Amino acid sequence: MCKTVPFDPEPVSPGTLAPLKNPLFRSIWLANQISNLGWLMQTVAISWLMATISTSNVMVALVQASATLPAFFLSIFAGAIADNFSRRSVMLFGRCLIAAAFISMTLLLALGVVDPWIILALSFLAGCGVAFNDPAWQASVGDLVDRADVPAAVTLISVGFNTIRSIGPALGGILVASLGPMIALALAAIGSLAPLWVIWRSKWPTRSLSLPREPMRTAIYDGLRFAAMSSDIKASISRGTLLGVAGIALLALLPLVVRDQLGKGPIAYGILMAGFGGGAVLAGICNSFFRRILSQERLIMIACLACSTCSACLALTQSISVAVLALAVGGAGWVTAWSGLGVSIQLASPRWVVGRSLSIYYAFTYGGIAAGSWLWGAVAENFSLAMAMGGSAGALLLVAGTGFFLPIRGSQESDLDSLEKFNVPELALELKPRSGPIVVKIEYRVPEQNAKAFLGLMPERRRAQSRAGARYWNLQRDLQEPSHWIETYRTPTWNDYLRLNYRLTTADTELDERLLHLLEENILPQLTLSIERSSAPGRKAEQPRPFVSHP
């Protein structure tokens with residue numbers, strides 16, 4: 001459907017279930033399903049509890065916002081931590097926050113403390129746990145399974161959650177209706193301990209750090225810069241944010257649809273959520289097949305249309321049967337769209353920055369979900385529920401159309417994993433790791449007939465170096481000797497220069513080979529490394545700058 005993106009089917013793993021052959025991935029995945037079951041039961045419990053103790057539609061919709069808003073504020077910070085520290089430890093910390101929130105919520109309800117703002121605060125705490133856990137868990141997928149199985153693993157995570165979505169809400173509705181919300185919250189608290197136990201007992205191979213950890217500020221800056229320079233990541237983030245804003249009305253306003261439009265109770269709410277989850281499961285099972293016959297862009301556009309159809313039906317129907325069918329269609333679109341966007345982020349990010357790429361994605365998409373929850377809740381309160389759902393349907397049509405301007409590629413053309421091999425140059429001066437700024441100058445000799453081809457490759461060279469950490473990159477041509485070209489860039493410290501070179505990929509080395517073929521015969525590029533020193537008055541004399549030249 002998108003004219004700007006030709007169909008290029010990406011490598012497909014043996015099937016959606018292939019990653020479950022990995023025992024570590026399987027054990028964590030299964031533990032997450034137990035926790036997800038509890039999460040969905042508590043979502044039903046607190047959503048229905050909020051609908052009964054508050055007359056404000058906005059407060060009901062804010063239950064979704066309170067759980068997702070922390071990701072907007074914390075995910076980028078959490079992603080930098082996940083890339084610089086043990087992802088297993090970050091997952092444990094996030095899971096501890098989730099368990100603490102659920103246990104506190106259960107105890108307060110048992111003591112009769114029921115206040116809308118306390119519910120939102122504890123839901124916010126649980127969301128903080130998710131903000132730390134999710135980037136670390138998703139970034140660990142590449143550590144646990146082969147790269148070819150990453151799309152299937154990401155899909156399995158979505159399918160697993162949505163499989164439980166077909167059971168958890170119905171079970172939560174039955175428990176709330178028969179035994180009260182406290183029992184559902186107690187079971188959720190117990191379920192949140194399962195992944196804590198499994199992660200605590202599990203160990204898995206991780207990427208070794210050749211250099212000291214980056215300072216947090218630098219790590220966040222590098223992650224933001226990489227995302228800003230990747231068209232695939234920018235497109236996925238933009239589409240995910242818009243999808244979150246437009247589509248969250250399906251879930252945020254569903255309690256109001258059940259209570260006000262259908263005139264039913266918590267059991268009906270659970271049944272409708274089960275319909276949503278059932279459609280998601282079916283779409284997840286068929287995901288590998290669909291990815292073989294359709295481009296990723298086309299799949300995401302169809303998924304947005306499915307969610308729009310669901311919102312439109314919910315705006316008009318008063319039949320629970322029609323609502324269940326509509327939510328099955330919406331659930332299928334929901335899991336297809338989100339898993340496709342998640343796969344795009346994973347495949348567009350090398351291992352050294354994948355946690356930060358995912359965290360930036362989560363920050364914007366969860367921020368979109370939180371904003372959408374408030375927006376559609378406000379529309380429902382100030383106008384009507386039908387107008388809110390209809391508005392969501394129209395907005396989702398617009399999101400589907402953004403594929404013509406922000407296309408999602410279905411595959412990556414090269415391996416983005418870092419080589420992590422670099423011969424450190426010998427220096428005439430001894431530098432500390434934080435010495436800097438470092439100025440890098442590379443001189444080329446290019447025959448006149450190759451100048452145009454050389455210039456054509458340098459933008460690609462600039463992107464490669466800048467994504468890895470180069471700053472203030474520029475290219476100069478000698479006016480007196482036109483065959484003499486000079487590439488320069490800076491890094492803040494010596495450690496940053498080393499990190500840049502350890503991050504270069506196979507594709508980057510292939511680019512170097514292409515450049516070499518354009519140079520004058522037998523004249524290799526000349527590398528010069530310098531360190532900047534201030535000449536401002538009143539400062540102590542500095543040592544002479546190191547000057548190192550390598551062929």
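Colleague: Which helix is T365 found in?
Modeller: T365 is found in helix α17; helices (DSSP runs of H or I, at least four residues) and strands (runs of E, at least two) are numbered from the N terminus. This is a predicted model in which local features need pLDDT of at least 70 and side-chain atom pairs count only at pLDDT 80 or more, while totals for chains, interfaces and linings use all residues. Residues are numbered from 1 along each chain as its sequence is written, and side-chain values use heavy atoms, with hydrogens and water left out.

Colleague: Is T365 buried or exposed?
Modeller: T365 is buried, with a relative accessible area of 2%. Buried means under 20% relative accessible area, exposed over 50%, and partly exposed in between, with a 1.4 Å probe and protein chains only.

Colleague: And what does the side chain of T365 reach?
Modeller: The T365 side chain reaches the backbone oxygen of Y361 at 2.8 Å and the backbone oxygen of Y362 at 3.3 Å. A polar contact is a pair of N or O atoms within 3.5 Å; within protein, one must be able to donate a hydrogen and the other to accept it, and residues adjacent in sequence count only if both atoms are side-chain atoms.

Colleague: Which residues does T365 touch, not counting those up to four places away in sequence?
Modeller: On that basis T365 touches I237, G240, T241, G244 and W338, where contact means heavy atoms within 4.5 Å.

Colleague: Turning to α10, how many of its residues are buried?
Modeller: Helix α10 has 12 of its 17 residues buried, so it is largely enclosed by the rest of the structure. I237, G240, T241 and G244 are among the buried residues of α10.

Colleague: What covers the buried residues of α10?
Modeller: The cover includes α9 (216–229), α11 (249–252), α15 (296–316), α16 (320–347), α17 and α18 (385–401). Helix α10 itself runs over residues 231–247 and reaches 24 Å from its first C-alpha to its last, close to the 24 Å expected at 1.5 Å a residue. The expected span is 1.5 Å times one less than the number of residues in the helix.

Colleague: What is L243 in contact with, leaving aside its neighbours within four places in sequence?
Modeller: L243 is in contact with I248, C304, A337, W338, L341, L396 and V399.

Colleague: Which residues touch the most other members in the largest nonpolar core?
Modeller: That core has 94 residues, and F102, L243, L250, L253, W334, W376 and M389 touch the most other members. Helix α17 (residues 354–382) gives the most to this core, with 11 residues. A second, separate core of 31 residues includes L20, A78, A99 and C128. A nonpolar core is a set of buried Ala, Val, Leu, Ile, Met, Phe, Trp, Tyr and Cys residues joined through side-chain atoms within 4.5 Å.

Colleague: Where does C307 lie, and what does it touch beyond four places in sequence?
Modeller: C307 lies in helix α15 and counts as buried at 1% relative accessibility. Beyond four places in sequence, C307 touches L250, G330, G333, W334 and L396. The C-alpha atoms of C307 and A393 are separated by 7.4 Å, although the two are 86 residues apart along the chain.

Colleague: New topic: where does the kink in α4 lie?
Modeller: The kink, of about 25 degrees, lies at N133, shortly before the proline P135. The bend at a residue is the angle between axes fitted to the seven residues ending there and the seven starting there. Helix α4 (residues 116–144) reaches 40 Å from its first C-alpha to its last, close to the 42 Å expected at 1.5 Å a residue. Of its 29 residues, 23 are buried.

Colleague: What caps the N-terminal end of α4?
Modeller: D115 caps that end, with a side-chain oxygen 2.9 Å from the backbone nitrogen of W117.
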